[in-house]
Amino acid sequence: MRLTRFTDLALRAVMRLAVNEQGGSLATRDVAEMMSVPYTHMAKAVTRLQHLGVVEARRGRGGGLELTGLGRRVSVGWLVRELEGEGEVVSCEGEQPCPLHGACRLRRALRDAQEAFYSSLEPLTVADLVAPPAGPVLVGLVGRSS
């Protein structure tokens with residue numbers, strides 16, 4: 001199973017925000033720089049996290065990003081499912097549909113494998129992801145301009 005780059009960025013943003021207890025809020029640009037990714041990509045991931053209720057963003061002086069209560073207690077499995085969407089691992093339809101479409105067992109096997117992957121992430125929370133040794137490394141990240 002391979003996550004999209006979008007999901008990877010969103011998870012890294014959540015992890016960085018989870019360890020940001022001291023020092024106030026972080027701006028999206030700060031998080032993007034800390035993770036060495038383009039601001040526009042991180043902004044899209046943060047927007048999706050806002051829609052999911054995982055991140056709160058405030059504009060203006062004293063604004064920035066903060067993890068919500070939901071963001072702190074949500075299962076990683078739920079979050080990855082929401083970020084990845086309902087897509088199949090393989091596409092059997094399209095301009096040239098697969099000739100095995102009606103009798104193929106591969107599609108079901110891959111769907112089961114995808115579900116097992118998500119299920120293995122269900123017991124994990126963001127707190128689990130930022131426990132040592134990851135937490136201290138996340139706290140130590142600084143942006144390129146810092």
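## Basis and overall fold

Helices are DSSP runs of H or I with at least four residues, and they are numbered from the N terminus. The structure described here is a predicted model. On this basis, the protein chain holds eight helices and two strands. Their order along the sequence is α-α-α-β-β-α-α-α-α-α.

The C-alpha trace of the protein chain extends over about 60 × 30 × 25 Å along its principal axes. Of the 146 residues in the chain, 34% are buried. When contacts between residues at least 6 apart in sequence are considered, 67% of them link residues at least 24 apart.

## Helix 1 against helix 3

A packed pair of helices is described by the angle between the two axes and by the distance between them. Helix 1 covers residues 5–18 and helix 3 covers residues 39–51; their axes come within 9 Å and cross at roughly 75°. Because angles of 65 to 115 degrees count as roughly perpendicular, helix 1 and helix 3 are described as roughly perpendicular to each other.

On the side of helix 1, the contact involves Phe 6, Leu 9, Ala 10, Ala 13 and Val 14. Helix 3 meets these residues with His 41, Met 42, Lys 44, Ala 45, Arg 48 and Leu 49. Sorted by class, the contact of helix 1 with helix 3 comprises eight nonpolar residues, one polar residue and two charged residues.

## Helix 5 against helix 6

Helix 5 (residues 76–84) packs on helix 6 at an angle of about 135°, and the two axes are 6 Å apart. Helix 5 is therefore oblique to helix 6.

From helix 5, the residues in contact are Val 76, Gly 77, Val 80, Arg 81 and Glu 84; from helix 6 they are Glu 115, Tyr 118, Ser 119 and Leu 121. The classes represented in the contact of helix 5 with helix 6 are four nonpolar, two polar and three charged residues.

## The largest pocket

At least two lining residues of the largest pocket come from each of helix 3, strand 1 (55–58) and strand 2 (64–67). Helix 3 is the greatest contributor to this lining, with five residues. Helix 3 is also the element that meets helix 1 in the contact described above.

## The second largest pocket

The second largest pocket has a volume of about 160 Å³. Lining it are Arg 81, Gly 85, Glu 86, Gly 87, Glu 88, Arg 111, Gln 114, Glu 115 and Tyr 118. Helix 6, residues 106–121, gives the most to this lining, with four residues. The lining of the second largest pocket divides into one nonpolar, three polar and five charged residues.

Arg 81, Glu 115 and Tyr 118 belong to this lining, and they also take part in the contact between helix 5 and helix 6.

## Thr 68 in its loop

Thr 68 lies in the loop that runs between strand 2 and helix 4 (69–73). Its relative accessible area is 18%, so Thr 68 is buried, the limit for that class being under 20%. Leaving aside residues up to four places away in sequence, Thr 68 touches Gly 53, Val 54, Val 55 and Glu 56.

Technical notes: Residues are numbered from 1 along each chain as its sequence is written. This is a predicted model: local features need pLDDT of at least 70, side-chain atom pairs count only at pLDDT 80 or more; totals for chains, interfaces and linings use all residues. Side-chain values use heavy atoms; hydrogens and water are left out. Axes are lines fitted to C-alpha atoms, for helices over the stretch in contact, and angles run from 0 to 180 degrees between N-to-C directions. Angles under 35 degrees count as roughly parallel, over 145 as roughly antiparallel, 65 to 115 as roughly perpendicular and the rest as oblique. Contact means heavy atoms within 4.5 Å. Ala, Val, Leu, Ile, Met, Phe, Trp, Tyr, Cys and Pro count as nonpolar, Asp, Glu, Lys and Arg as charged, and the others, Gly among them, as polar. On a 1 Å grid over the protein atoms alone, a cavity is a set of points where a 1.4 Å probe fits but cannot get out, and a pocket is an open set with protein on both sides within 12 Å along at least five of seven lines; lining residues have an atom within 4 Å of a point. Grid points are joined across faces, edges and corners, and a volume is the space filled by probe spheres set on the points. Buried means under 20% relative accessible area, exposed over 50%, partly exposed in between (1.4 Å probe, protein chains only).
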